[in-house]
Amino acid sequence: MSRIPLPYNPKVMDLFRNPKNLGKIEDATVVAVAGNPACGDMITFYLKINEQTLVIEKAQFESYGCAANIATSSIVTEMIKNLTLEAVWTDITWEKVTQEIGGLPSVKFHCGVLAVGALKRAIRKYFKDRNSEPAWMPKENTFEEKQALEEEELANMLSKRLKPEEEKSP
Ligand code: FES
């Protein structure tokens, strides 16, 4: 039985085939992962941050997600370059990213949410590692961070259920 291809627009397909800023940054200032390797939907963001100005000088990603995830992650790395962490935190939402990419099929919205969740997690981690709490950063997780957590919990639960019985025992 063949599957019906999803109606991705040409911009998504182009970024999926030729993603920009793909790969590790070896000397990244901060690295954050969202998703779960068990289900394959995993994304890592690498940010190179100017510690004086708090401007993102370079952003790259690795993704094991679908076309929508790769395309949204790629466009995120372009959108955040040369912006301050505060501007990125305030301005970059999954809705904006989805719009920038020309739209996604609704069943693929969560892929863009996961990309922005990984980005926000990286920014939060940057400040946490330095024991600092900027006034503009809410204590509570954003929608995207919450969604990333939910996906991870769900994937963990499913991978435990799918494990053979003998592997479950300690
Ligand atoms: S990242 Fe999971 S389906 Fe797209």
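# A walk through a predicted model

Of the 170 residues in the protein chain, 43% count as buried, where buried means under 20% relative accessible area, exposed over 50%, and partly exposed in between (1.4 Å probe, protein chains only). This is a predicted model, in which local features need pLDDT of at least 70 and side-chain atom pairs count only at pLDDT 80 or more, while totals for chains, interfaces and linings use all residues. Residues are numbered from 1 along each chain as its sequence is written, and side-chain values use heavy atoms, with hydrogens and water left out.

Let us begin with the overall layout. The protein chain has seven helices and three strands; helices (H or I, at least four residues) and strands (E, at least two) are DSSP runs, numbered from the N terminus. Starting at the N terminus, the order of elements is α-β-β-β-α-α-α-α-α-α. Contacts, meaning heavy atoms within 4.5 Å, tell us how the chain folds back on itself: among those between residues at least 6 apart in sequence, 63% join residues at least 24 apart. Accessible areas come from the Shrake-Rupley method with a 1.4 Å probe, and for residues only the protein chains shown count as cover.

Helix H1 (residues 10-17) packs against helix H2 (residues 67-79) at an angle of about 85°, with the two axes 8 Å apart. Axes here are lines fitted to C-alpha atoms, for helices over the stretch in contact, and angles run from 0 to 180 degrees between N-to-C directions. H1 and H2 are therefore roughly perpendicular to each other, since angles under 35 degrees count as roughly parallel, over 145 as roughly antiparallel, 65 to 115 as roughly perpendicular and the rest as oblique. On the H1 side, the contact is made by Lys11, Val12, Leu15 and Phe16; H2 contributes Ala67, Ile70, Ala71, Ser74 and Ile75.

The C-alpha atom of Glu26 is separated by 8.6 Å from that of Tyr46, 20 residues apart along the chain. Further on, Asn82 lies in the loop between H2 and helix H3 (85-91). Asn82 also has a positive phi, of about 70°, although it is not a glycine, and at 58% relative accessibility it counts as exposed.

Next come the charged pairs. Side chains of opposite charge can pair when their charged atoms come close. A salt bridge is a side-chain nitrogen of Lys or Arg within 4 Å of a carboxyl oxygen of Asp or Glu, and by this rule the count comes to 10 salt bridges. In one of them, the side chains of Lys24 and Glu62 meet at 4.0 Å, N to O. This pair links distant parts of the chain, 38 residues apart: Lys24 is in the loop between H1 and strand S1 (30-36), and Glu62 is in strand S3 (residues 55-63). Lys24 is partly exposed, with a relative accessible area of 49%, whereas Glu62 is buried at 18%.

Another salt bridge joins Lys120 and Glu144, at 4.0 Å from N to O. Here, too, distant parts of the chain are linked: Lys120 belongs to helix H5 (residues 109-129) and Glu144 to helix H6, 24 residues apart. Both Lys120 and Glu144 are buried. Lys139 forms a salt bridge with Glu133, the closest N and O atoms being 2.6 Å apart. Lys139 is exposed at 71% relative accessible area, and Glu133 is exposed at 64%.

The helices H5 and H6 also pack together. Their axes come within 7 Å and cross at roughly 110°, which makes H5 roughly perpendicular to H6. The residues making the contact include His110, Val113, Leu114 and Lys120 of H5 and Phe143, Glu144, Gln147 and Ala148 of H6.

Leu154, Met157, Leu158 and Leu162 make a nonpolar surface patch of about 420 Å². Patches are made of residues with over 30% relative accessible area and no salt bridge: like charges are joined within 9 Å, nonpolar side chains (Val, Leu, Ile, Met, Phe, Trp, Tyr) within 5 Å. Leu162 is found in helix H6 (residues 143-162), and Leu162 counts as exposed at 73% relative accessibility.
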